[in-house]
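Here are my notes for you, written as numbered points. Keep the model open while you read, and look up each residue as it comes along.

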Number of protein chains: 2
Amino acid sequence: MHGEVNKRRKNRRPTMVDVAREAGVALRTVSRVVNDDATVGSELAKRVHDAIAALDYRPDERARHLRLGVTGTLGAAVRQLSHVNPVLRAVERAARAADLMVLAASTEDDERLERRVVESMCRRRFDGIVLEPIGADHGYLLPELAAGLSLVAVDRPVLGLEVDCVISDNMAGIQAAYGHLTAHGHRRIAYIGDDERIFTAQERASAFRASVAGAGGGLDGMVHTGPIEPGRIARALTTARAGGATAVITGNATISVEVVRGSDDRRMAIVGFDDSELATLLRPDLTVVAQDDQAIGATAIDLLRSRIADHGRPVTRVTVPVELLARGSGEQPPP
Amino acid sequence: MHGEVNKRRKNRRPTMVDVAREAGVALRTVSRVVNDDATVGSELAKRVHDAIAALDYRPDERARHLRLGVTGTLGAAVRQLSHVNPVLRAVERAARAADLMVLAASTEDDERLERRVVESMCRRRFDGIVLEPIGADHGYLLPELAAGLSLVAVDRPVLGLEVDCVISDNMAGIQAAYGHLTAHGHRRIAYIGDDERIFTAQERASAFRASVAGAGGGLDGMVHTGPIEPGRIARALTTARAGGATAVITGNATISVEVVRGSDDRRMAIVGFDDSELATLLRPDLTVVAQDDQAIGATAIDLLRSRIADHGRPVTRVTVPVELLARGSGEQPPP
DNA sequence: CTGAAAGCGCTAACAG
DNA sequence: CTGTTAGCGCTTTCAG
């Protein structure tokens, strides 16, 4: 007799309508209870909760978000999820504090994947996106921004586009490292860094050159940038030593490790860029220029929220101070 | 005259209707073009694409997913996004190969946060969730599973619940490590591991005890489990050495690091559980029992997809083989 | 291919 | 508080 009704109920997740029927209340009331609106009597609320439990009802956020227009969700598109990334951790914390959910995905340093990820988050109507932009062309972001995307770049700017961003003060960090080493008596200091096509690598290398120039020193054989390969780094070290270098500044944590591994027992003072768990594993412990990850993450979320609130506000670029942590490797005097 | 129309168009994202109007085609046709259905003429398709570009139209997946019932999205709830996690990387890759998007969030080893994250993903109607379950009570999962959640646990099972899972063969790994050390002449071997309330730690410690018992050895002073604290680990090492141990098996990568740091110049053979970037940084390089991260991730996605396809299929638990990688630290003979 | 219309599950406006 | 209803933006059925 009621075959049709039964068929429709079979294998279907319960909706608010089902809950309302089960509890014998109006749909409106269920909606209120689910969004815990205070204006509903506790007796009715209980009936609704019982019905929800009885039916295993789960509200569908897709519908809710569609209706509301916002999703309460932030995307994080980072180079590699499964790598150490203190900034991402800070981003998650700050977002949680603002009652926003962060959902993250890897771009794997692949332009096309970055694009797929970001566009996917846009189509899902995430309220905003935290992006660790990779290399080249970000033109695809233009229509997204025009269509209302709120975006903040961390670690590096989105080149050629007016986008909020928060980056570390790379220049001050290199200056601090350089000054620290000269204060400990070093006169010939080398720099070994990442490929200068990477924004931070370029900034740091430039800052190093400027520091040397400011001190009236020579650069020959002292600046080595390129891909992170043990062979290249070993050769760079050899060249630097041959040129009289007694100390070295490294461009990032991976390079620090390679340099420490390559310099073995021979004494060179080292100041590394970026702190890492490895820093205190080495002997002597590694003196580093550390980013303020907490500040970067919190600032990124602040910028994103204010951009979401006012899509027209002027573009902001924040530079976060870095800190030199003296731990031993940077305080060795020249031989 | 057309004031109302203008008002409605202001500050609103364009929809398919707008695109259809702009292109002078039917809504239906736009939908086809967007989902690149081949049955639409190339001339019309171009008109539609032009209209999309002109209006900066972005399809709204929320609506699409609501209508379709599925989201093409998998969630990954892991202990800490910003930690090295090769399994998560494998999960992302495998999902991409299946044209599914993975969105990840951290549970920070916090039960309540895990619950918030998982429930949030459920309400967003993710097609499935990959979970690295933490400690205690997973009762909250019961109604979600009843409501249709597809879930796969990685690294450890969801205790007390019938849920698909894929874990490493911890027992075989410990046996391999133990056999490797005895083959190199060691007769007294110690084990230093994590807190046994953690599933993997418990499994590994048990396997170690079984190995020793099988070899007819004694356990006194040879098994040390507990929290990961440098002090505890140093004391454990001292006790083990005093008891005549000439080799040590460690319960995870962090403990390996502490043990290497603590054993310094004195010679002890070491086999570590879990590979890590540090393993080849140490001297001698660390011999490890390595998980097959790729297989774990791929299997997790397989299980999840088959669970999504058939929610009623029997629960499956997969144990993935581990591999012993001899690198030097585990091949040192007893003094 | 077009045009019209139903429906996904929710929120919110409206009149009782 | 209840009951009804429109509508979020999309897919899809149905008749032309």
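1. How many salt bridges are there over all chains? The count comes to 40. Before you go looking for them, keep in mind that this is a predicted model.

2. Start with a pair in chain A. Asp275(A) and Arg327(A) meet through their side chains in a salt bridge, at 3.0 Å from N to O. What I like here is where the partners sit: Asp275(A) belongs to the loop between strand E9 (269–273) and strand E10 (287–290), while Arg327(A) is in the segment after strand E12 (323–325), so the pair links distant parts of the chain, 52 residues apart. Asp275(A) is partly exposed, with a relative accessible area of 35%, and Arg327(A) is partly exposed too, at 26%.

3. Now hop over to chain B. The side chains of Asp109(B) and Arg79(B) form a salt bridge, 2.9 Å from N to O. Asp109(B) counts as partly exposed at 44% relative accessibility, and Arg79(B) counts as partly exposed at 30%.

4. Two more to click on. Asp155(A) forms a salt bridge with Arg156(A), and the closest N and O atoms are 3.7 Å apart. Is Arg156(A) buried or exposed? Arg156(A) counts as buried, because its relative accessibility is 5%, which is under the 20% cut-off. There is also a network of salt bridges that links Asp60(A), Arg62(A) and Arg125(B).

5. Next, the sheet in chain B. It is an open sheet of six strands in the order E7-E6-E8-E9-E10-E12, with mixed pairing. At the edges are strand E7 (223–225) and strand E12 (323–325), each of which pairs on one side only. From one strand to the next, the twist averages 15°. For background, strands of a sheet pair through backbone hydrogen bonds, either parallel or antiparallel.

6. Zoom in on one pairing. In chain B, strand E8 (residues 247–250) and strand E9 (residues 269–273) pair in the parallel sense over four bridges. Val248(B) stands opposite Ile270(B) in E9(B). Helix H10 (residues 199–214) of chain B lies across E6, E7, E8 and E9, and it runs at about 170° to E6(B).

7. Which residues come nearest to DNA strand D? Of the 22 around it, they are Thr29(A), Val40(A), Gly41(A), Tyr57(B) and Arg67(B). Sugar and phosphate account for 71% of the atoms of DNA strand D that come within 4 Å of the protein. Thr29(A) is found in helix H3 (residues 27–34) of chain A. Thr29(A) is buried, with a relative accessible area of 14%, and beyond its neighbours within four places in sequence it is in contact with Val40(A) and Leu44(A).

8. Last, the polar atoms facing DNA strand D. A phosphate oxygen is 2.9 Å from an N or O atom in the side chain of Ser31(B), and a phosphate oxygen is 2.8 Å from one in the side chain of Arg64(B). A base nitrogen is 3.4 Å from a polar backbone atom of Ala63(B). The largest share of the surface near DNA strand D, four residues, comes from H5(B).

Methods
Residues are numbered from 1 along each chain as its sequence is written. Chains are lettered from A and ligands numbered from 1 in the order in which they are written. This is a predicted model: local features need pLDDT of at least 70, side-chain atom pairs count only at pLDDT 80 or more; totals for chains, interfaces and linings use all residues. Side-chain values use heavy atoms; hydrogens and water are left out. Helices (H or I, at least four residues) and strands (E, at least two) are DSSP runs, numbered from the N terminus. Buried means under 20% relative accessible area, exposed over 50%, partly exposed in between (1.4 Å probe, protein chains only). Contact means heavy atoms within 4.5 Å. A salt bridge is a side-chain nitrogen of Lys or Arg within 4 Å of a carboxyl oxygen of Asp or Glu. Two strands pair if DSSP finds at least two bridges between them. Axes are lines fitted to C-alpha atoms, for helices over the stretch in contact, and angles run from 0 to 180 degrees between N-to-C directions. A residue is near a molecule or strand if one of its heavy atoms lies within 4 Å of it. A polar contact is a pair of N or O atoms within 3.5 Å; within protein, one must be able to donate a hydrogen and the other to accept it, and residues adjacent in sequence count only if both atoms are side-chain atoms.
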